[in-house]
Structure formats: structure tokens, C-alpha cells
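Colleague: I am new to this structure and would be grateful for a guided reading of it. May I put some questions to you?

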Amino acid sequence: MEKLACAAPDYFELGRKLFARECALVWAAADLAQMPGFLAPEIAFAGRSNVGKSSLLNALTGRKALARTSRTPGRTQALYSYALGNHPGGADICLVDMPGYGYAAAPKELSATWTGLSQNYLRDRAALLRVMLLIDGRHGPKSADTETMTLLDRAAVSYQIVLTKKDEANALERDTILAAAQELIANHPAAHPRVIFTSSRSGEGVGDLRAEIARLLVERGTRRADDQR
Ligand code: GDP
């Protein structure tokens, strides 16, 4: 009998190819009415201000200034969507940069804009596949992060914790922060069990995050595992 080919897909390579594709800003929206309809499946990136979100988006896409680093807090908050792979069939995926929350003016609470704009997006956006929730790998989860997780649980959105700034934490700190993240996940049903530790500065974990996103697209049937593009 003929053997079925069932080698596991190389998600790392798929992710590398996916993120090597053309990438451009396709929309920016300060409220839901400004958002276009479905263009491609969306992966949103959320986290406290200064967590390293812009740097990670730039590292993922191999751009220096796709997402502006350290956008001035207090400016009009908006969601920014970047399409990857703009070909005749449409984009492969959109990366949505959400406003940072928990800025110094109200460090313990999510800002009103974040809860308004972002909450509406999380609740209503059918294109949204997963939220990557960025947490500072030097300090671990803060109250604003756990509040966000509760909000994501309530919105029934699938999300995954991505730790940042791995280069600044020593081995002991990394273990402690990872354990804290795992403990949080155990108490939050919509959280994905895998935690990815990244550094935009050293590049550590960036390939793993690309692979995770490629795996998600394949598992949800929006991209084929043998897609060579
Ligand atoms: P955002 O506000 O979440 O978009 O954060 P930024 O990307 O603007 O980064 C905030 C600060 O953290 C900046 O000073 C970055 O240089 C720094 N930063 C971002 N990523 C890393 C990283 O991987 N390692 C280190 N050491 N610093 C980082």
C-alpha cells in the first residue's frame, strides 16, 4: 500500500517566506466606521505603551520603520493595519497594531480610548484570528495586562502571550517571568498555552513568532502547508 506523505510542515520556513513578502499600511482607523471590510485574516498586536510593540512589528517584517517606534502617547489613538503579501488574490494576512495601554498617566487602568476603540474592534471584527498580547520580559505581567486578558476572555478572542526584550533579562529572570506568564494562562481560558519570548534587538524568538503565525494560518485553513510563495 502506498504510504501517505505526512511530514510535519516546516512552519519556521513558511513563516520566513510569509514575512518576507511585501508589506504596507492598508488602513488606519480611530473608530469602527473607518475600518474597511474583510481584506485578509488579521493578527492584532496589543500591549502596554513601551512594551516594544513597534520594534517587534518592525523586526517581524524586517523593516526599520514600518510601525513608528515610541509613538507619542496622548496623541489620537488608532489601529493601524499592515497587509503582508499584496498579490492579485489579496493579502495573506494583516498585522493590526493596537494602541498601547497603561501609559504613565493612568498606569493601573486601561485608558478610556483603549477600552472603547479596542474593545469594539475585539468584539466585532470577524477577520480577527488572534491577539498577540505583548508583555515586557524584564518586568513580567502588570495589572493592566491581566485586565486586558480578562477583557479578551470576555470578548471570546483567542490570544497568546508574547514576551519582549529577552536580551535584557538574565536566565533567572527569564525563568521567573515565564513561570508568571504560565500561571496567568492557567487562569485565563482563552489564552493559548504557548508563550513566545522575543527580542527585537537580538532577533531571538522572532522566527518562532513568524512560525507561530504561519502555523495558525495553516491550522485555520487560510494558507496551505505546501504553499511555496
Ligand atoms: P511600543 O511603545 O510598545 O511601540 O515600544 P517601542 O517599540 O517604541 O519600544 C519602546 C522602547 O523599548 C524603545 O526605547 C526601544 O528601543 C526599546 N525596545 C524595544 N524592543 C526592545 C528589545 O527587544 N530589547 C531592548 N533591550 N529594548 C527594546
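This is a predicted model: local features need pLDDT of at least 70, side-chain atom pairs count only at pLDDT 80 or more; totals for chains, interfaces and linings use all residues.

Modeller: Residues are numbered from 1 along each chain as its sequence is written, and side-chain values use heavy atoms, with hydrogens and water left out.

Colleague: In what order do the strands of the open sheet stand?

Modeller: Strands are DSSP runs (E, at least two residues) and helices likewise (H or I, at least four), numbered from the N terminus; two strands pair if DSSP finds at least two bridges between them. Strand 1 and strand 7 (196-197) each have a single partner strand, so one side of each lacks a neighbour in the sheet. The seven strands have mixed pairing, and their order is 1-3-4-2-5-6-7.

Colleague: How many bridges join strand 5 to strand 6?

Modeller: Val131 has Tyr159 of strand 6 as its bridge partner, and Ile135 stands opposite Leu163 in strand 6. On strand 2, Glu42 stands opposite Leu128 of strand 5, and strands 2 and 5 pair in the parallel sense over six bridges. Strand 5 and strand 6 also run parallel, and the number of bridges joining them is six.

Colleague: Is helix 2 largely enclosed or open, and why?

Modeller: Helix 2 (residues 53-61) packs on the sheet, touching strands 1, 2, 3 (79-84), 4 (93-97), 5 and 6, where contact means heavy atoms within 4.5 Å. Its buried residues include Leu56, Leu57 and Leu60; buried means under 20% relative accessible area, exposed over 50%, and partly exposed in between (1.4 Å probe, protein chains only). Because seven of its nine residues are buried, helix 2 is largely enclosed by the rest of the structure.

Colleague: Which residues have the most contacts inside the largest nonpolar core?

Modeller: A nonpolar core is a set of buried Ala, Val, Leu, Ile, Met, Phe, Trp, Tyr and Cys residues joined through side-chain atoms within 4.5 Å. Leu122 touches, among others, Met98, Trp114 and Val131, not counting residues up to four places away in sequence. The core has 33 residues, and those with the most contacts inside it are Leu79, Met98, Tyr121, Leu122, Val131 and Ile161.

Colleague: With which side chain does that of Arg21 make a polar contact?

Modeller: Arg21 lies in the loop between helix 1 (11-19) and strand 1, and it is buried, with a relative accessible area of 18%. A polar contact is a pair of N or O atoms within 3.5 Å; within protein, one must be able to donate a hydrogen and the other to accept it, and residues adjacent in sequence count only if both atoms are side-chain atoms. At 2.9 Å, the partner of the Arg21 side chain is that of Asp92.

Colleague: How many disulfides does the count come to?

Modeller: A disulfide is a pair of cysteine sulfur atoms within 2.5 Å. For Cys23, the nearest cysteine sulfur is that of Cys94, 9.0 Å away. Cys23 is buried, with a relative accessible area of 7%, as is Cys94, at 0%. By the distance rule, the number of disulfides is zero.

Note on methods
Axes are lines fitted to C-alpha atoms, for helices over the stretch in contact, and angles run from 0 to 180 degrees between N-to-C directions.
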